[in-house]
Amino acid sequence: MFLLTPVFVFGLLIDLESLKRGFARFIPPALRRGALSMIGDIGQVFQSYLRGLVVTIILYTLMMGTILGVVGAPYFIVLALVAGVLYLIPVSGGIISTVVI
C-alpha cells in the first residue's frame, strides 16, 4: 500500500492539467467560472496552511533539539526528530511529544 502511494501521486502530478480540464467539464457552464475560482482560492489557502505547518514543525524540532542538547539528554537529535514527527498528530501530538520526551 505504501509503495503504491508515491506512484499514484506521481501519476496524478504528471497528468494534473488534463485532470483539471476534465474536472471542469463536470461543472455546469453557468457555474464553471465561479466554481473554478473558488477551487483555486481553496487551493491557495491549503498551500499556505501546509507551508505554515512545515515551518512550525521545523521550528519545533529545532527548539526541542536545542533544549534537549542544553539539558544534556542522550540522543537529543533523535529525540528532537521524534518530537517533530509526533507534532504532526493534530491536537495531541505536541502534548504527547512533550510528555514522552
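Ala, Val, Leu, Ile, Met, Phe, Trp, Tyr, Cys and Pro are classed as nonpolar, Asp, Glu, Lys and Arg as charged, and the others, Gly among them, as polar. By this scheme, the lining of the largest pocket holds 7 nonpolar residues, no polar residue and 1 charged residue. The model is predicted: local features need pLDDT of at least 70 and side-chain atom pairs pLDDT 80 or more, whereas totals for chains, interfaces and linings use all residues. Residues are numbered from 1 along each chain as its sequence is written, and side-chain values use heavy atoms, with hydrogens and water left out.

Grid points are joined across faces, edges and corners, and a volume is the space filled by probe spheres set on the points. The largest pocket has a volume of about 240 Å³. Its lining consists of L12, L13, L16, L19, K20, F23, L36 and I39. Two or more of these residues come from each of α1 (4-14), α2 (16-24) and α3 (29-71). Helix α2 gives the most, with 4 residues. Helices are DSSP runs (H or I, at least four residues), numbered from the N terminus.

The second largest pocket contains about 190 Å³ of space. I39, G40, G43, Q44, F46, Q47 and L50 line this pocket. Here the lining divides into 3 nonpolar residues, 4 polar residues and no charged residue.

A salt bridge is a side-chain nitrogen of Lys or Arg within 4 Å of a carboxyl oxygen of Asp or Glu. Accessible areas come from the Shrake-Rupley method with a 1.4 Å probe. The patch comprises F8, V9, L12, L13, L16 and L19, with about 530 Å² of accessible area together. Both α1 and α2 supply at least two of its residues. Helix α1 provides the largest share, 4 residues.

L12 belongs to helix α1. It counts as partly exposed because its relative accessibility is 34%; buried means under 20%, exposed over 50%, and partly exposed in between. G69 lies in helix α3. At 32% relative accessibility, G69 is also partly exposed.

Notes
1 Å grid on protein atoms, 1.4 Å probe; cavity = no way out; pocket = protein on both sides within 12 Å on 5 of 7 lines; lining within 4 Å. Patch = residues over 30% accessible without salt bridge, like charges linked within 9 Å, V, L, I, M, F, W, Y side chains within 5 Å. Buried < 20%, exposed > 50% of the residue type's maximum accessible area, 1.4 Å probe, protein only.
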